[in-house]
Structures are given as structure tokens and as C-alpha cells.
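Subject: Structure for your review

Dear colleague,

Please find below the sequence and the structure that I am handing over to you. My notes on what was found follow directly after them.

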Amino acid sequence: MTVQPHPSLQTYADAWTHSIEAISELVTPLTEGEWNRATPCPGWSVRDVVSHVIGIECEMLGDPRPIHTLPRDLRHVVDEFSRYMEVQVDVRRHHTAPEMTSELEYTVIRRSRQLRNEKRDPQTMVRGPLGDQVTLEHALRLRAFDVWVHEQDLRTTLGVPGNLDSPGALVARDVLLAGLPKVVAKRAGAPANSAVVVDVHGPGPEFLRTVRVDADGRGSVDGTPSLGPAVTLVLDWETYVRLAAGRVRPAAVADRVKVEGDRDLAAAILANFAVTP
């Protein structure tokens, strides 16, 4: 499948295509019961994750949102954002496996055609979740990120690891790193004029980043080492993603995170590590 939108959108279109086709391959052979298995995404089964992917892609296509009232007993629905996201999920909760796979396939075909014919400027404003306006480039970056993270949710559930180094993984790295200064400086309250180093190894993307907190308490991130960091966190890419995407609590992966330096600050950073809803 060849997708060729505006050159600066190509990276995101390719990553999206790679991940959504992987999702399709993962779920096509599943039995009815396997669609009900719980995933690391809080409150969502395999069916729910795929429903979410279908629903958001339909919204990107401009399809009207379903008119649907959510049940009151969904514990993972805690705010306006999660309520918004749940509608496309709950409306498909009773769909059968063949209904799910055929709708996914049809949606992928429609979206791929839309991306192939995409001639708009990357800075064109489009409708994002909750009706906010975002650039087309930002919207496609988030779609590439989202489908890759959900591909990993499904792989974890189904016991089929893979694609930790795919095009979507590189998009995910950049999206998650953009949230790191806020985690360290604002949420964890790292002191002014301090530095925190995050050292991530494979399999998957490998990188070392330093979050620097300036005299005013503002954080920024760069790729140069710090000589005297307050904290150094060393972890593998999969664990980084699971923490940053809110799929696991720090205590559950403590054996996979090496901490050097200020233990209290490290604990505060890890407790606030999730940067995605």
C-alpha cells in the first residue's frame, strides 16, 4: 500500500500505515472470546482498543459521531476526555469478531485513500478530539503515535511481541520525549538549576536525554549529557513506553528501572511519568 501525501507528512503516514496494518493482521485470526481479553489500556478489551482505533479514524474521515449514551458504571471514564473517547468504544461493545474485522478493514481502506490524496498544507487547521483545532501535521503525528501504542497494547495481550523499532516507535519516542520536561519540572517539582538524565536502551530506539530545569523552574530537554544530574534513570524502551503511556505503575517495573541519585525525586518523576490520557 503506497501512501504519498505532502512530503513532511510522509513520515507519519508511513508509520500509521505500518501500525494499523499490523493491528489488522493481529486481530483478523482471533476467536470471539479473544476479542474480550483485557489489555494494558485501562478498562479496555481487545475489542475496545480496535473500536477506539476505528472510531477515531472515522472521525478523521469526517464521519458524524454516534449518538450514544454511556452507561454510568464505567470506572475508567473519569473526565470529559475519557467520556468523549468511550462513545466510539461503547457503541461497538456488542459487535461480533467478523463485524469488527470488516469495519476495521473498510476504515483502513478509506483512510489510506484519504492520506494518499492528501494535498493540504501540513499547517492547515483540522478538527482534533473534543472539537479543538490542531494542525494537520499534529493530527497525523498523534494518529501515528496512537495506533502504534495500541498495537503494542494488543501485542502485550496476545503474547506477540514485535515492532518496538518500527516507524511508529520513532514517532512515539518523539511524542513522549516532548512531554518529559513537564513531568520533571512541573509535576515532579525538580529543583531550579537541576538536571535529570533519562538513558533508554533497546530493543527499540536507544537514546540519552537530559531534562534541564532553569532558574525559573522551567524544563527543557536536549541530547547532551549532564555532568552532575540530580537523578539518572536507566531503563529499556518497552518499559519507558509502558510508564509514559500509563500502562503500568512504577512499582510493577521497579526491577527494570535503575535509579541513580536523589531517590525521592526519582520516585516523584516515575509517579508522574504518564504523559498520555
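The largest cavity is lined by Pro40, Trp148, Val149, Gln152, Asp153, Thr156, Leu164, Glu238, Val241, Arg242 and Arg247. Two elements each give two or more residues to this lining, namely helix H5 (136–158) and helix H8 (237–244). Helix H5 contributes the most, with 5 residues. Sorted by class, the lining holds 5 nonpolar, 2 polar and 4 charged residues. The space inside the largest cavity comes to about 100 Å³, and the structure holds 1 cavity of 30 Å³ or more. Please keep in mind throughout that this is a predicted model.

There is also an open space to consider. The second largest pocket has a volume of about 290 Å³. Its lining is made up of Pro42, Leu243, Gly246, Arg247, Val248, Arg249, Pro250, Leu270, Ala271, Asn272, Phe273 and Ala274. Of these lining residues, 8 are nonpolar, 2 are polar and 2 are charged. Arg247 is named in the lining of the largest cavity and also in that of the second largest pocket.

I turn next to the chain as a whole. The protein chain contains 9 helices and 7 strands. Its radius of gyration is 19 Å, close to the 19 Å that the globule rule gives for 277 residues, so the chain is as compact as a globular protein of that length. The C-alpha trace spans about 55 × 40 × 35 Å along its principal axes. Buried residues make up 49% of the 277 in the chain. The accessible surface is about 13300 Å², and carbon and sulfur atoms account for 52% of that surface.

The buried residues are Ser82, Tyr84, Met85, Glu86, Val87, Gln88, Val89 and Asp90. Among the elements that cover them are helix H2 (46–60) and strand E1 (125–127).

Leucine 74 belongs to the loop between H2 and H3. Is leucine 74 buried or exposed? Leucine 74 is buried, because its relative accessible area is 16% and the cut-off for buried is under 20%. Apart from neighbours within four places in sequence, leucine 74 is in contact with Glu86, Asp90 and Arg93. Leucine 74 and glycine 43 are 31 residues apart in sequence, yet their C-alpha atoms are 7.9 Å apart in space.

Threonine 101 sits in helix H4 (residues 97–116) and is buried, with a relative accessible area of 18%. Leaving out neighbours within four places in sequence, threonine 101 is in contact with Val27, Thr28 and Trp35. Threonine 135 is part of strand E2 (residues 133–135) and is likewise buried, with a relative accessible area of 18%. Residues up to four places away in sequence aside, threonine 135 touches Pro122, Gln123, Thr124, Met125 and Val126.

Leucine 170, located in helix H6 (residues 167–178), is partly exposed, with a relative accessible area of 38%. Which distance separates leucine 170 and glycine 204 in space, C-alpha to C-alpha? The distance is 8.7 Å, while 34 residues separate the pair in sequence.

The peptide bond from glycine 202 to proline 203 is cis, with omega near 10 degrees. Proline 203 lies in the loop between strand E3 (194–201) and strand E4 (207–213). Asparagine 163, in the loop between H5 and H6, has a positive phi of about 60 degrees although this residue is not a glycine. Asparagine 193 also has a positive phi of about 60 degrees without being a glycine. The place of asparagine 193 is the loop between helix H7 (180–187) and E3, and this residue is exposed, with a relative accessible area of 61%.

Yours sincerely,

A colleague

Definitions and conventions. Residues are numbered from 1 along each chain as its sequence is written. This is a predicted model: local features need pLDDT of at least 70, side-chain atom pairs count only at pLDDT 80 or more; totals for chains, interfaces and linings use all residues. Side-chain values use heavy atoms; hydrogens and water are left out. On a 1 Å grid over the protein atoms alone, a cavity is a set of points where a 1.4 Å probe fits but cannot get out, and a pocket is an open set with protein on both sides within 12 Å along at least five of seven lines; lining residues have an atom within 4 Å of a point. Grid points are joined across faces, edges and corners, and a volume is the space filled by probe spheres set on the points. Ala, Val, Leu, Ile, Met, Phe, Trp, Tyr, Cys and Pro count as nonpolar, Asp, Glu, Lys and Arg as charged, and the others, Gly among them, as polar. Helices (H or I, at least four residues) and strands (E, at least two) are DSSP runs, numbered from the N terminus. Buried means under 20% relative accessible area, exposed over 50%, partly exposed in between (1.4 Å probe, protein chains only). Contact means heavy atoms within 4.5 Å. The radius of gyration is taken over C-alpha atoms; the globule rule is 2.2 Å times the number of residues to the power 0.38. Accessible areas come from the Shrake-Rupley method with a 1.4 Å probe; for residues, only the protein chains shown count as cover.
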